[in-house]
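I would like to walk you through one structure, so please have the sequence and the coordinates open as I speak.

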Amino acid sequence: QGGKKSWEGHDAAEDKLFAGVSKRIWNKPSFKQFFDLMDNYEAETGKAEEDTYEERKEMSEFLDTIIATPVMKYVHNYLVAKELVEPDVMAFKKMLYQMWFSYYRRESRNDSC
């Protein structure tokens with residue numbers, strides 16, 4: 001497609017990565033659940049996040065759904081074989097939750113938690 005240096009801001013690819021996305025994608029639970037997660041976060045830095053039961057439930061259900069997919073089962077088995085994660089699926093889910101959904105400081109104290 002084309003190369004560029006990491007600091008160059010333009011897209012050097014001659015072709016699009018893909019032409020489009022079928023609307024049928026929303027029939028897949030993981031895509032719908034992922035989309036539903038998008039309203040859980042404050043885009044503006046310096047603004048404290050609200051952590052509700054409903055949001056935590058959405059995150060947990062999303063993880064349950066994706067962990068059940070063949071791709072994530074493969075990822076888990078691969079990481080277990082490399083001794084990077086425990087064989088226990090719940091421990092894997094907890095690790096993903098921590099990596100993907102734990103809050104972090106962006107601008108001011110507690111602006112992401």
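This is a predicted model: local features need pLDDT of at least 70, side-chain atom pairs count only at pLDDT 80 or more; totals for chains, interfaces and linings use all residues.

Of the 113 residues in the protein, 20% are buried. If we take the contacts between residues at least 6 apart in sequence, 52% of them join residues at least 24 apart.

At what angle do H1 and H2 pack? The angle is about 155°, and the two axes are 9 Å apart. Angles over 145 degrees count as roughly antiparallel, and H1 and H2 are therefore roughly antiparallel to each other. Their crossing is left-handed. On the H1 side the contact is made by Pro 29, Ser 30, Gln 33, Phe 34, Asp 36 and Leu 37, and these meet Glu 58, Met 59, Glu 61, Phe 62, Thr 65 and Ile 66 in H2. Sorted by class, that contact of H1 with H2 holds six nonpolar, three polar and three charged residues.

One of the H1 residues in that list, Asp 36, can be looked at by itself. Asp 36 counts as partly exposed, because its relative accessibility is 27%. Asp 36 and Phe 62 are 26 residues apart along the chain, and their C-alpha atoms are separated by 9.4 Å.

The second pair is H2 with H4, where H2 covers residues 53–67 and H4 covers residues 89–101. Here the packing angle is about 125°, with the axes 10 Å apart, and H2 and H4 are therefore oblique to each other. H2 passes H4 in a right-handed crossing. From H2 the contact takes in Arg 56, Met 59, Ser 60, Phe 62, Leu 63, Asp 64, Ile 66 and Ile 67, while H4 brings Val 89, Phe 92, Lys 93, Leu 96, Tyr 97, Trp 100 and Phe 101. The residues of this contact of H2 with H4 divide into 11 nonpolar, one polar and three charged.

Now to the loop between H1 and H2, which is where Asn 40 lies. Is Asn 40 buried or exposed? Asn 40 counts as buried, because its relative accessibility is 5%, and the cut-off for buried is under 20%. Which residues does Asn 40 touch, once its neighbours within four places in sequence are left aside? Asn 40 is in contact with Glu 49, Glu 55, Glu 58 and Met 59. With Glu 58 there is also a polar contact of 3.0 Å, which joins the side chains of the two residues.

Finally, let us go back to the segment before helix H1 (29–37), where Ser 22 lies. Ser 22 counts as partly exposed, because its relative accessibility is 35%. The side chain of Ser 22 reaches the backbone nitrogen of Arg 24, at 3.1 Å.

To close, I would ask you to keep the two helix pairs in mind: H1 and H2, roughly antiparallel, and H2 and H4, oblique to each other.

Conventions: Residues are numbered from 1 along each chain as its sequence is written. Side-chain values use heavy atoms; hydrogens and water are left out. Axes are lines fitted to C-alpha atoms, for helices over the stretch in contact, and angles run from 0 to 180 degrees between N-to-C directions. Helices (H or I, at least four residues) and strands (E, at least two) are DSSP runs, numbered from the N terminus. Angles under 35 degrees count as roughly parallel, over 145 as roughly antiparallel, 65 to 115 as roughly perpendicular and the rest as oblique. A crossing is left-handed if the near helix is turned anticlockwise from the far one by less than a right angle, and right-handed if clockwise. Contact means heavy atoms within 4.5 Å. Ala, Val, Leu, Ile, Met, Phe, Trp, Tyr, Cys and Pro count as nonpolar, Asp, Glu, Lys and Arg as charged, and the others, Gly among them, as polar. Buried means under 20% relative accessible area, exposed over 50%, partly exposed in between (1.4 Å probe, protein chains only). A polar contact is a pair of N or O atoms within 3.5 Å; within protein, one must be able to donate a hydrogen and the other to accept it, and residues adjacent in sequence count only if both atoms are side-chain atoms.
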